[in-house]
Amino acid sequence: MSENVIELRDVTFTYPDGTVALKNISFFVKKGEVVSVVGENGAGKTTLCYLLSGVIPHIYGGVIKGRVSVAGLEPSKYPMRELSKKVSIVLQDPDSQIFSPTVFMEVAFGPSNLGLSKEEINETVKWALEVTGLSGLEDRSPDELSGGQKQRLVLASALAMKSEVLVLDEPTSQLDPVGVREVTATLRELKRRGTTMVITTHQTEEISEIADRVIVLKEGSIQAQGTPEEIFSNVNLMEYTGVKAPDVAILMHRIEEEWKIRDIEKIPINEYEAKDILKRLSSDGKIKIISEVEVKPRRKGKAIIEVRDVYYEYPGKVKALDGVDLTVYEGDFLGIIGMNGSGKSTLVKAIIGLIRPQRGKILFKGEDVSKFTVGELARRIGLILQNPDYQLFTISALEEVLFGLRNIGIKGEEARKRALEILDLVGLKEKADFFPFKLSFGERRLLAAAATLALDPEVVILDEPTTAQDYRGRYLLADLAKDLHRKGKTIIMITHDMDLIAKYANRVAVMTGGKIILDDDPHVVFTEIDKLRQAGVMPPQITRLAISMREDGVPSKIISVEEFLNLIEVVK
Amino acid sequence: MSFKYVEKDTLMHKLHPLIKLALLIATLLLALLFTYDYSIIPLLMMICFELVLWKIGGIEYWRVALVIKILLGIFLFFIIIQGFLYRGGVTPIFAIGHLELWGKDIGVFTLEGLIYGLFISAKILVVVLAAIIFVMTTSITKMSALMYGLKLPYSFSFTLLAGLRFAPLIFKSFSDIKDAQKLRAFDIDRMNIVVRAFKAYVPILTPLILNLLRKGMELQISIEARGYGATKNPTQLEELSFCLRDYLMFLLVIAVFLVVIYVNYTIAPNLYNSFLEYLRNLVIGLTGKL
């Protein structure tokens, strides 16, 4: 059982444009082992996945130096159709990987290409759907599945190839929390069945339950290798390589560093270990935990957006909004959370006038929004979309901002001046002449944001500002929003990233089934575990730690590591 | 995303796709064969037959509403054009002016022109209905099996079917991108038609094409990583067979087709003429009073 299924020796890979994506990589993966690869965007994670699966060099070109061996084959020497029997790959976006009309056909596509008999195919499909928990959905159209189900379908299709190695490139980064949990559970099941997997991810909390070993990449080189505990508890390493360390690891690390408490043997990565350590420290009399916490009441400004009893149904009787009431006040930094399909995107579409509710009214500063066109409303309420590639089309970053200004009739020198100011605000002034598609994904998002902000809206809405971003990049947009908030703008964020809410929002509304079920300060909302579960979301790890220690006198209204640290007093 | 096959348990869904294809071919023949305006009568008979099949197939109107709306627009265009320009037009309904051109006063909207416009619309409608019935009640699995049965090469049928699956996704991207650009105060709906045709679509089509290219790459990875082309003859998952129901339905389609043809060449011209005469008198009576 100790044979190496994957072997990389001194592998360096250079893309045709000269970018060196991997530098001197060497590692081995044993049969049945699950290896996770972490690192910031651009660290070389995707390149590594492509290299292992033969996508490089068969679909994307470049120069490979060193030796790559997967399941006994050298990927560059065999065509994809041969490699596909040995190694399967799953990518981020399920929508661009599914092409069949039914679930059954999708999974059967691979085996039928291999020319298996009909009985064998039926058997294989049945097995693959069972492993991924999709049994019974054979005849459904993939369009009707949720994000998590779609990605599990992609997994099932890969499994049906019965290959020896499964390579997964950020399989959960486009999913909502429920989808992440579903796919994580499937991966755990695969591990139990002895599948060899290489998984790249940003989700440290989830992967630590599955991975046997973690490899940390930075700028194409391996920085460290070890068990999830060894790697994720190394807060300094995580900081250096741009990977999210678990909240509790940061908490313990800071207790250790700042108060020189030396008897924490091992920095924990989950809240159960953290709880034990804290309890031990306090019973040993090393620390005291204060049980008072003060939540500052929020001051209410003037109402700026009023949503009154709004209903919306998509064709085919799909109810998206089921009587929503929401008043947004000036100075709010409001987060709207909920699963995909909870109605949060539909609500935003209704606010910016892209759809007309069938019942109810939406007012902007007392005026019915249905009086405005989308274009007119865009000057008052700016929406920064998830996918910047739906908006960018010009030859330079500057032109991109000028486009919006021209649409509202600002031209010439004044437009140029204003555009440069906005680019400066988002930190892209030096790149004003760059071709938008040459910018990184994060920069493209900032550019699309700049294009929206150029219209100088009073309310700024951010749609999933952290999706598909690494730990460092994920807060760039939110930081920008914070800056705007300080300058007096009202901010709304739609997200399922609880850390984001904890860090920025001063108010949070939870949606499920087209209704708002909670609307309050994040400190209050995050302690409503049952209602949050109903909405399919979980509070941040640090809040979960606080809640689990309620009996030990820890107040549960804790949403950041900073707040938790303030509770702890060191006994001298 | 609505104009696509929906799984249902109806007679039309269970029918062998070849029969539905036969219906489509029959309607195409009718549309090509019928050139005189009196053929509107047999065409209407065929349309009634199709509507019955539509009902049996349980096709929901809203799923095809967009297609029908676009069609109605086209029909209206035909009716207006023919109403004013049809050279056999002798019974004026109303006039917006007078201009003699090629021996016809094109400022006058005539009854005959109106009916000729309706006739052309019916020719299109008869084919479109058959196509809608085919697409909405035939799963892609069955289409694939049909193409296999018709001995089309695998690479061809795979491309066609993948295209069928992606067409709605492309439409969705198009409308998402259009919305995204509207958010930048780009009021495409308020632009006049000339600006729209030449400039307005640049901000929409550029991102659309770039995104499709990216998606195409991922799709290629996903197809190739699953052994596409590993054998020349991939296993066929569904085999089609004829049953009594299919034979009966085939006979029915042929029978309706023949009856329609028969009516067209026997009683339709006279029936149409007397009906037209009645309409003419009606119109003259009405316009005469004004």
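This is a predicted model: local features need pLDDT of at least 70, side-chain atom pairs count only at pLDDT 80 or more; totals for chains, interfaces and linings use all residues.
The contact draws on 59 residues of chain A and 50 residues of chain B. Together the two chains bury about 5200 Å², of which 63% lies on carbon and sulfur atoms. On the chain A side, the most area is lost to chain B by Phe99(A), Asn113(A) and Tyr390(A), which together account for 14% of what that side buries.

Two salt bridges are counted between chain A and chain B. Glu106(A) forms a salt bridge with Arg226(B), with 3.0 Å between the closest N and O atoms. Two or more residues on the side of chain A that touches chain B are supplied by each of helix H3 (80-83), helix H4 (103-113), helix H5 (118-131), helix H14 (374-378) and helix H15 (397-407) of chain A. H4(A) provides the largest share of this side, eight residues. Sorted by class, the side of chain A that touches chain B comprises 33 nonpolar, 17 polar and nine charged residues.

The relative accessibility of Thr102(A) is 11%, so the residue counts as buried, the cut-off being under 20%. Apart from neighbours within four places in sequence, Thr102(A) is in contact with Glu138(A), Asp139(A), Arg140(A), Ser141(A) and Pro142(A).

How values were computed
Residues are numbered from 1 along each chain as its sequence is written. Chains are lettered from A and ligands numbered from 1 in the order in which they are written. Side-chain values use heavy atoms; hydrogens and water are left out. Contact means heavy atoms within 4.5 Å. Buried area is the accessible area (1.4 Å probe) that two parts lose on being put together, summed over both. A salt bridge is a side-chain nitrogen of Lys or Arg within 4 Å of a carboxyl oxygen of Asp or Glu. Helices (H or I, at least four residues) and strands (E, at least two) are DSSP runs, numbered from the N terminus. Ala, Val, Leu, Ile, Met, Phe, Trp, Tyr, Cys and Pro count as nonpolar, Asp, Glu, Lys and Arg as charged, and the others, Gly among them, as polar. Buried means under 20% relative accessible area, exposed over 50%, partly exposed in between (1.4 Å probe, protein chains only).
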